[in-house]
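Reader: I have a structure to look at and would like to learn how to read it step by step. Could we go through it together?

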Amino acid sequence: MAVTKDEVRYIASLAKLYFSEEELAAMTSEMDSLVDFANTLSALDTGGLPPMAHVQPLANVFRSDGAHQDFPTEKALANAPESAENCFVVPKVVE
Amino acid sequence: MDLEKFSALAIAENIKNGAITAVDAAKACLDRIEQTDPQIGAWLTVDRGAVLESAQDVQNRIEELLSRGQPLPALAGVPVGIKDNICTEGVKTTCASRILSNFVPPYSATVVKKLEDNLMVPLGKLNMDEFAMGSSTEHSAFQKTYNPWDLGRVPGGSSGGSAAAVASRQAPLALGSDTGGSIRQPSAFCGVTGLKPTYGTVSRYGLVAFGSSLDQIGPIAQSAADCAALFDAIKGHDKNDSTSYDRAYASVLSETDDFRPRTIGIPVQYTGEGIAPEITKAVEDAAAQFGIMGCKIVELSIPELEYSLPAYYIISSAEASSNLSRFDGIRYGYRTEHIDSLDDLYTRTRSEGFGPEVKRRIMLGAYALCAGYYDEYYNKALKARALLKQGFARAFTEADMLLSPTTPTPAFRFGEKADAISMYKADICTVSVNIAGLPALSFPGGFSSDGMPMGLQLVGPEFSEGLLLSCAHAFQKKTDYHLRAPSGRGDQSA
């Protein structure tokens, strides 16, 4: 098996996902077959080609630095699970 | 008036000449949804009162324009369904995910504003695979959608609700989104016509992002002509989407009647092994039909296509893992009730809010992007993309467009593709198009021996939507596959 349980645990911590021990075992075996599937790419000779992140010839798109009306605060906060005093409320971060 | 037999353009014509009103059209759809959706399960949100109110408003504006002798938009008064990953101001937009089950967008997507500007009537929100990740709509967190041709089979995905609604004549038109085939594959499974436009022709502003370099919104309809009309309504540059092309667009609808014999290439990679013989036969029959219509048929090879599936799943999952990091339980969406720390808030919210397929993709994407594997997977996939783009460019020196199956088999049964990779392989004919940013159209090409629709795909160079639609339109004048309606046979529990 190419993918280990420890690796999956580490990736899960990066992705902010929690898996129980049982789920972790299942995810490890799934990830293993997915990575195996992805490995078929290694047979492709890509030579010295540069990676193409995007199909378009992307360039910076500038706009004029003008004032415009965006959402009012109450609208931006309307979907927040918790808000107070025009702010999103999060658990205490610093002691 | 039996509206279900009418195309979108015929409904618009009848509204324009006063035979019916936009309210009649909306009512007919709402009635049909009420009557048939307990069997189909296409819709997540329909607000009858609000729809009728907006239809009345549209009707008033139509009458006002007519009384001043002004022209109407081509689809004025026509009802349209919207996939539930497209933001609608004040109307719940869930992406069929628990994590967005309570999300009411504070703004509408550009495409939704364009529907309104074109005096169309949004009917409601359509079911899908969670965050558009899937090929069967089985990954919706809320409900199954059943294939109107056989209730024991999936409608395809991820725009399964959109395709099933059009196929069962609940709506003449629907919007879907296509990241790796999510418009074309369900269109093929449900016997309707669906267009994945050139990347950058339709604004993605307000489309909940899955794979940003791949996603494109497009129309699903009963015919190529209806698709052309809806594509005309939604395309165009948008300053809110920096990847939308700033260029002049001609009317594609007016091009659809302008069929000229072309050279059609058939990639050998999409014939033979792995493709159901009946589907290969449908491609051959369509090629013969195009031949009768004066087209030249050539066989060609794009060897790079063989690598498109792994490249697609790496690129799309990497982009998804990055895009879906925004779901953190703070600004919108679901938040866990058990919080000890900020990290705990993130992790529990996401673990409780996302379904298994979404987690799988986030994990694969995070794996492909993480230090140590980045070059081996993500960068390698991006190089494969460059090669694939070259492969298509080469093919388009030999042919004006490519003809292939949309899917290797007709619609499969619920639970049939239980492991992830066998589900991913259902996308073999569609993903390459998104990697290269090209336009592609799926249209009905016949029926299997057990009565299921089979879809054919036309792929063209960038901005060739008019060409693809004109060919499919000419094909639809010679065939009646797109006119057949499902009987709703089969058993949901089958």
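**Reading the fold, the core and the charged pairs**

Author: Let us begin with burial: of the 494 residues of chain B, 66% count as buried, and please keep in mind throughout that this is a predicted model.

Reader: How many helices and strands does chain B have?

Author: Chain B has 16 helices and 11 strands. Its radius of gyration is 21 Å, close to the 23 Å that the globule rule gives for 494 residues, so chain B is as compact as a globular protein of that length. The C-alpha trace of chain B spans about 65 × 55 × 50 Å along its principal axes. Among the contacts in chain B with a separation of 6 or more, 75% are between residues 24 or more positions apart.

Reader: Which residues touch the most other members of the largest nonpolar core?

Author: The general idea is that nonpolar side chains tend to be buried together in soluble globular proteins. Here the largest nonpolar core holds 181 residues, and Phe131(B), Phe392(B) and Leu403(B) touch the most other members. Helix H13 (residues 375-398) of chain B supplies the largest share of this core, 11 residues. If we leave aside neighbours within four places in sequence, Leu403(B) is in contact with several residues, including Ile264(B), Val283(B), Phe290(B) and Leu458(B).

Reader: Where is Val93(A) found, and is Val93(A) buried or exposed?

Author: Val93(A) is found in the segment after strand E2 (87-88) of chain A. Since exposed means over 50% relative accessible area, Val93(A) counts as exposed at 56%. Together with Val90(A) and Val94(A), Val93(A) makes a nonpolar surface patch of about 270 Å².

Reader: How many salt bridges does a search of the whole structure find?

Author: The search finds 27 salt bridges over all chains. In one of them, the side chains of Arg61(B) and Asp57(B) meet at 3.9 Å, N to O. Because Arg61(B) and Asp57(B) are four residues apart in helix H3 (residues 48-67) of chain B, they are separated by about one helical turn. Arg61(B) is partly exposed, with a relative accessible area of 35%, and Asp57(B) is partly exposed as well, at 39%.

Reader: What about Asp178(B) and Arg184(B), are they buried or exposed?

Author: Asp178(B) forms a salt bridge with Arg184(B), and their closest N and O atoms are 2.9 Å apart. Asp178(B) counts as buried because its relative accessibility is 0%, and Arg184(B) is buried with a relative accessible area of 0%. Elsewhere, salt bridges that share partners join Lys5(A), Asp6(A), Arg9(A) and Glu21(A) into one network.

Notes
Residues are numbered from 1 along each chain as its sequence is written. Chains are lettered from A and ligands numbered from 1 in the order in which they are written. This is a predicted model: local features need pLDDT of at least 70, side-chain atom pairs count only at pLDDT 80 or more; totals for chains, interfaces and linings use all residues. Side-chain values use heavy atoms; hydrogens and water are left out. A nonpolar core is a set of buried Ala, Val, Leu, Ile, Met, Phe, Trp, Tyr and Cys residues joined through side-chain atoms within 4.5 Å. Buried means under 20% relative accessible area, exposed over 50%, partly exposed in between (1.4 Å probe, protein chains only). Helices (H or I, at least four residues) and strands (E, at least two) are DSSP runs, numbered from the N terminus. Contact means heavy atoms within 4.5 Å. Patches are made of residues with over 30% relative accessible area and no salt bridge: like charges are joined within 9 Å, nonpolar side chains (Val, Leu, Ile, Met, Phe, Trp, Tyr) within 5 Å. Accessible areas come from the Shrake-Rupley method with a 1.4 Å probe; for residues, only the protein chains shown count as cover. A salt bridge is a side-chain nitrogen of Lys or Arg within 4 Å of a carboxyl oxygen of Asp or Glu. The radius of gyration is taken over C-alpha atoms; the globule rule is 2.2 Å times the number of residues to the power 0.38.
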